[in-house]
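I opened this model to look up a few things, one at a time. These are my notes, in the order I made them.

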Amino acid sequence: MMKKHNSVSFDISGTEPQANFSDNPAFEQVVSRRLSRRHFLQGSLALAAGSFIGAGLAGCDSGRSAVGAAVKKGLMGFSPVSINRFDTVTVPSGYSARVILPWGTPLLPGAPAYKADGTNSAADQAMQIGSHHDGMHFFPIDVKNGGQSSTEGLLVMNHEYCDPTILHAYGGEAQLPRKAAEVHKEIAAHGVSVAHIQRQPDGNWTLVENSPYQRRITGMTPMALTGPVRGHDKVKTLYSPDGTATRGTLNNCAHGVTPWGTYLTCEENWALLFVNRDTVQPREHRRYSISNENSIMHWDTAAAEDSELARFNASARAESATADFRNEPNTFGWIVEIDPFNPDSVPVKHTAMGRFAHEGVIFAKAEAGKPLVAYSGDDSRFEYIYKFVSAGLYDPATAGPHLLDSGTLYVARFNEDGSGDWLPLDINDASFAAKAQAAGALFSDQADVLLNTRLAADIAGATKMDRPEWGAVHPDSGEVYFTLTNNDRRHSSQLNSANPRASNSSGHIIRWREAQGQRFNWDIFLLSGDVYTYTPQHQFMLTDDNHHASPDGLWFDPNGLLWIQTDMSGSQLSSGPFGNNQMLVADVSSHQIKRFMVGPVGCEVTGVVMTPDCRTMFVNIQHPGEGSGPYSFSSTWPDRGTRRPRSATVVISKDDGGIIGS
């Protein structure tokens with residue numbers, strides 16, 4: 001972000017600054033020590049590729065395969081798409097892609113039309129589809145009655161952030177202090193959209209006009225806090241003196257879906273929106289990269305014009321926390337539950353699931369009589385992977401939000417021998433309490449632990465990872481896959497013959513299977529990179545058909561195919577060997593991987609889901625043309641002839657009506 005006199009240029013495409021400077025071993029150190037002992041990398045090709053791989057899912061039940069069951073016959077039959085830098089969506093021969101729900105599409109009854117000159121107001125935006133589409137899910141319209149409609153449903157999606165140079169009419173540098181009207185429009189562009197859509201006889205999907213289900217949830221929507229942190233002193237604010245409520249959800253990336261059919265949106269880079277200029281910040285701000293100078297959007301500077309916007313200044317400016325917003329950032333960083341079929345419901349922030357930069361949340365298969373298990377990654381360099389285990393047992397007849405309000409939060413430690421441990425972040429656990437005492441970081445109660453989840457994970461001894469992002473659970477084997485997008489801060493001192501990838505710009509995909517107790521067994525499924533990058537354990541080499549970098553989005557379809565989306569940026573995207581961002585698909589049983597789609601210029605490909613019959617796929621295209629400057633965007637997708645690119649959803653179908661992936 002650059003500041004120039006009384007104006008500001010926005011650079012909001014980066015990730016949260018590194019905030020973990022603990023002494024915990026980084027993941028690459030663990031892999032390095034393992035592989036140098038076991039000699040997995042053989043020959044000059046593997047060394048030149050700079051690859052690494054775990055020792056396999058050692059210790060897994062011998063009666064089960066270490067990979068998922070083979071996908072159905074006839075899938076993976078399409079011809080792979082070549083890399084390109086076209087300003088369009090490229091899909092395989094025999095497939096078609098159509099655009100729906102671009103940013104600014106009128107959603108609520110009476111919503112005004114999108115204006116290509118950027119003159120829509122904040123009130124307009126709050127009634128329109130938000131910006132920067134991300135994680136999404138399709139809820140069949142009859143799912144509450146046990147149905148599985150593939151022609152009508154609610155498409156629910158996150159809106160991760162906004163680009164003011166596109167959002168506003170001025171199209172350039174914003175003036176400081178910020179104007180309240182602009183800030184409110186930016187806040188309204190964040191959040192979630194619930195869109196009721198229906199397939200027409202001609203195959204096109206359209207909004208159902210005046211549907212009571214259409215809904216916008218923004219950075220101003222009232223929300224409730226539940227779980228151990230509800231009512232805690234550290235979440236009491238001028239808005240909610242009793243610490244039970246907050247306003248809005250911001251910077252939401254991936255998502256989750258509960259077994260009872262509600263949508264979970266996950267707060268990721270929210271910390272960048274707040275500022276705390278106090279001489280000494282509380283630890284629940286420091287460890288989350290709350291700025292002590294200026295927030296990335298400067299929303300707090302509009303407070304003189306509109307006092308409502310003072311909530312983004314977390315400095316202590318009054319005699320007590322209930323008279324200012326010093327605790328406002330503590331009401332963010334949570335997983336938020338939304339009932340898409342009840343437009344009057346109040347979204348709920350589940351504090352038992354931990355506070356950090358949630359990329360998304362995924363559930364292991366729910367089994368009656370057993371606790372629910374959910375996984376979430378903290379998307380920042382050297383951060384951690386977490387697991388939540390509910391205190392209550394799952395019962396399909398009574399399952400609901402209460403299962404997410406009480407339980408144990410664990411953090412992952414990856415051991416050298418291919419095993420792993422889930423370390424409890426629980427003040428009542430003797431081992432954790434002893435570590436906290438030894439570190440001089442005592443916690444007053446479990447709410448304090450959860451407010452400081454990152455610090456608790458540091459103390460527990462978790463393994464630092466390379467930006468844990470999306471996860472996916474195989475529908476048959478139950479194996480968990482996670483993308484580790486990249487980490488350009490890995491130091492060269494960590495290099496050795498078994499792990500020569502300094503500055504991991506390409507990323508990789510890890511997987512694990514749960515074992516007895518709170519243990520698991522892990523390996524590396526895939527090393528991302530250019531052609532000839534080699535994953536030795538699986539004897540797999542990337543080719544022109546599947547080379548890629550910075551894996552991000554991840555999703556298993558009902559047929560067991562793993563869909564992988566990329567989020568390259570900077571020079572890697574503009575001039576690297578990979579072309580535009582893309583989506584690939586993998587058969588994890590055979591390690592066959594093909595490129596299925598390439599997005600338009602400058603975009604991120606993110607968010608993917610299908611209708612239950614697997615004949616319609618929805619994919620989100622975020623920030624096409626990003627990074628090219630005001631009024632000189634490198635993309636005009638999807639509106640040709642205008643100067644403002646728009647994030648949008650793409651509907652992909654096979655021309656013969658067949659299964660996606662065949």
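Entry 1: I started at H591. Its phi is near 65°, a positive value in a residue other than glycine. H591 sits in the loop between β31 and β32 (592-598). Helices (H or I, at least four residues) and strands (E, at least two) are DSSP runs, numbered from the N terminus. Is H591 buried or exposed? H591 counts as buried because its relative accessibility is 9%. Buried means under 20% relative accessible area, exposed over 50%, and partly exposed in between, with a 1.4 Å probe and protein chains only.

**Ground rules.** I noted that this is a predicted model, where local features need pLDDT of at least 70, side-chain atom pairs count only at pLDDT 80 or more, and totals for chains, interfaces and linings use all residues. Residues are numbered from 1 along each chain as its sequence is written, and side-chain values use heavy atoms, with hydrogens and water left out.

Entry 2: H623 is not a glycine, yet it has a positive phi of about 40°. I found H623 in the loop between β34 and β35. H623 counts as buried, since its relative accessibility is 8%.

**Entry 3: cavities.** Rolling a probe the size of a water molecule over the atoms shows where empty space is left. A cavity here is a set of points, on a 1 Å grid over the protein atoms alone, where a 1.4 Å probe fits but cannot get out. How many cavities of 30 Å³ or more does the whole structure hold? The search finds 3. Grid points are joined across faces, edges and corners, and a volume is the space filled by probe spheres set on the points.

The largest cavity has a volume of about 90 Å³. H623 is in its lining, and I also listed W103, H132, D163 and R646 among the lining residues. Lining residues have an atom within 4 Å of a point. The lining divides into 6 nonpolar, 4 polar and 2 charged residues. For these classes, Ala, Val, Leu, Ile, Met, Phe, Trp, Tyr, Cys and Pro count as nonpolar, Asp, Glu, Lys and Arg as charged, and the others, Gly among them, as polar.

The second largest cavity has a volume of about 40 Å³. Its lining includes I335, F356, Y375 and K387. Which strands each supply at least two residues of this lining? I noted β17 (371-377) and β19 (385-393). By class, the lining has 9 nonpolar, 2 polar and 1 charged residues.

**Entry 4: strand β35.** Next I followed the chain to β35 (residues 648-654). This strand is largely enclosed by the rest of the structure, because 7 of its 7 residues are buried. In a regular strand the side chains alternate between the two faces of the sheet. In β35, A648, V650, I652 and K654 point one way, and T649, V651 and S653 point the other way.

What pairs with β35? Strand β3 (residues 95-100) runs antiparallel to β35, joined by 6 bridges. I100 stands opposite T649. Strand β34 (residues 616-622) is also antiparallel to β35, with 6 bridges. There, T616 has S653 as its bridge partner. Two strands pair if DSSP finds at least two bridges between them.

**Entry 5: two cis bonds.** The loop between β34 and β35 also holds P638. The peptide bond from W637 to P638 is cis, with omega near -5°. I logged another cis bond from L176 to P177, with omega near 0°. P177 lies in the loop between β6 (174-175) and α5 (180-189).

Entry 6: Q582 lies in strand β31 (residues 582-587). Q582 counts as buried because its relative accessibility is 0%. Its side chain makes a polar contact of 2.8 Å with the side chain of R595. A polar contact is a pair of N or O atoms within 3.5 Å; within protein, one must be able to donate a hydrogen and the other to accept it, and residues adjacent in sequence count only if both atoms are side-chain atoms.

D523 is in strand β26 (residues 519-527). D523 is buried, with a relative accessible area of 1%. A polar contact of 2.7 Å joins its side chain to that of R511.

Key
1 Å grid on protein atoms, 1.4 Å probe; cavity = no way out; pocket = protein on both sides within 12 Å on 5 of 7 lines; lining within 4 Å.
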